[in-house]
Amino acid sequence: MFAKLRALFSATQDQPEELPACVPAGQRVYAVGDIHGRLDLFDHLLASISADNAARRPADTQLVLLGDLVDRGPDSCGVVDRVISLAKDHNLRVIAGNHEEMMLKSLDDDETLRHFLRHGGKETLFSYGLTFEEYAQATLATLRARMNQLVPAEHIAFMQAMENQIVCGDYLFVHAGIRPGVPLDQQAVADLRWIRQEFLDHTAPHGHVVVHGHTIADAPVVCPNRIGIDTGAFASGRLTAIGLEQDQRWFICAEIGSAKQAAA
């Protein structure tokens, strides 16, 4: 009996201590949660990220947007314009969210357009110049035709080119999450953009710490296998980013009239 206990204790002691997740040396990543048309908060957060980055030692800095740039908030068009402009002179990568998917599909499909309008698409079309009078009088077919006139080809091409997942060191960046137990190269796009409970309820390691948006919480959610940073900007007035460097994490939160930083 004692021999068995000693063997069990020894086996436990021999297990390697789990190391913290890291990004590669010399790199720094800022990932931004769901913006949802809040250009005011996004601009405020960008200024805070720039100041934070300047205050730290020089690094190869990358900005990652986790998707859902559009819908619900008042200025989706302005957000997309700002991101396109940023991409010209910043190390920027953008992940497609389920709302970008709906918006693109709405250009060709009336049923998707119907769903899109129920989930913030109406506000998006207003930001592109659709009038309230046009919306009130339009059928789905005429509204879809008008949408194709209003949304610039540059915006469409930019959203079509968005990525689905990004790996940096021990971190994986996606919009919604991943299907537990499925290799990254076999993940379904639908899961990366839409999954919820199967991912959120999973507590075992994924192989990477998954940084995601899509599911709203009052504050960042930090679990051993995932970090959620969607703080519901369109309704809460709070847009959150996470900063990552080596094994360090910190959060930057932009709110109307203030910006706050907190340790992870």
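Sorted by class, the residues where helix 4 meets helix 8 come out as 4 nonpolar, 1 polar and 1 charged.

Before I go further, please keep in mind that this is a predicted model. Averaged over the protein, the pLDDT is 92, and 90% of the residues score at least 70. The exception I want to point out is residues 1-16, where the pLDDT is below 50. Apart from near neighbours in sequence, that stretch makes 0 contacts in the model. Where pLDDT is low, predicted coordinates should not be read in detail.

How are helix 4 and helix 8 set against each other? Helix 4 covers residues 98-106 and helix 8 covers residues 153-160; they pack at an angle of about 130°, and their axes are 10 Å apart. Helix 4 is therefore oblique to helix 8. The crossing of these two, helix 4 and helix 8, is left-handed.

Now a second pair. Helix 5, residues 110-127, packs with helix 7, residues 140-150, at an angle of about 60°. Here the axes lie 11 Å apart. So helix 5 and helix 7 are oblique to each other. Their crossing, helix 5 over helix 7, is left-handed.

Which residues make the contact between helix 5 and helix 7? From helix 5 they are D110, L113, R114, F116, L117 and L125. From helix 7 they are L140, A141, L143, R144 and M147. By class, this contact of helix 5 with helix 7 has 8 nonpolar residues, 3 charged ones and no polar ones.

Last, the sheet. Strands of a sheet pair through backbone hydrogen bonds, in either a parallel or an antiparallel way. In this model, 5 strands form an open sheet with mixed pairing, and their order is 4-5-6-8-7. Which strands are at the edges? They are strand 4, at 166-168, and strand 7, at 221-222, and each of them pairs on one side only.

Take strand 7 as the example. Strand 7 is joined by 2 bridges to strand 8, residues 226-228, and the two run antiparallel.

Terms used:
Residues are numbered from 1 along each chain as its sequence is written. This is a predicted model: local features need pLDDT of at least 70, side-chain atom pairs count only at pLDDT 80 or more; totals for chains, interfaces and linings use all residues. Side-chain values use heavy atoms; hydrogens and water are left out. Axes are lines fitted to C-alpha atoms, for helices over the stretch in contact, and angles run from 0 to 180 degrees between N-to-C directions. Helices (H or I, at least four residues) and strands (E, at least two) are DSSP runs, numbered from the N terminus. Angles under 35 degrees count as roughly parallel, over 145 as roughly antiparallel, 65 to 115 as roughly perpendicular and the rest as oblique. A crossing is left-handed if the near helix is turned anticlockwise from the far one by less than a right angle, and right-handed if clockwise. Contact means heavy atoms within 4.5 Å. Ala, Val, Leu, Ile, Met, Phe, Trp, Tyr, Cys and Pro count as nonpolar, Asp, Glu, Lys and Arg as charged, and the others, Gly among them, as polar. pLDDT is the predictor's confidence in each residue, from 0 to 100. Two strands pair if DSSP finds at least two bridges between them.
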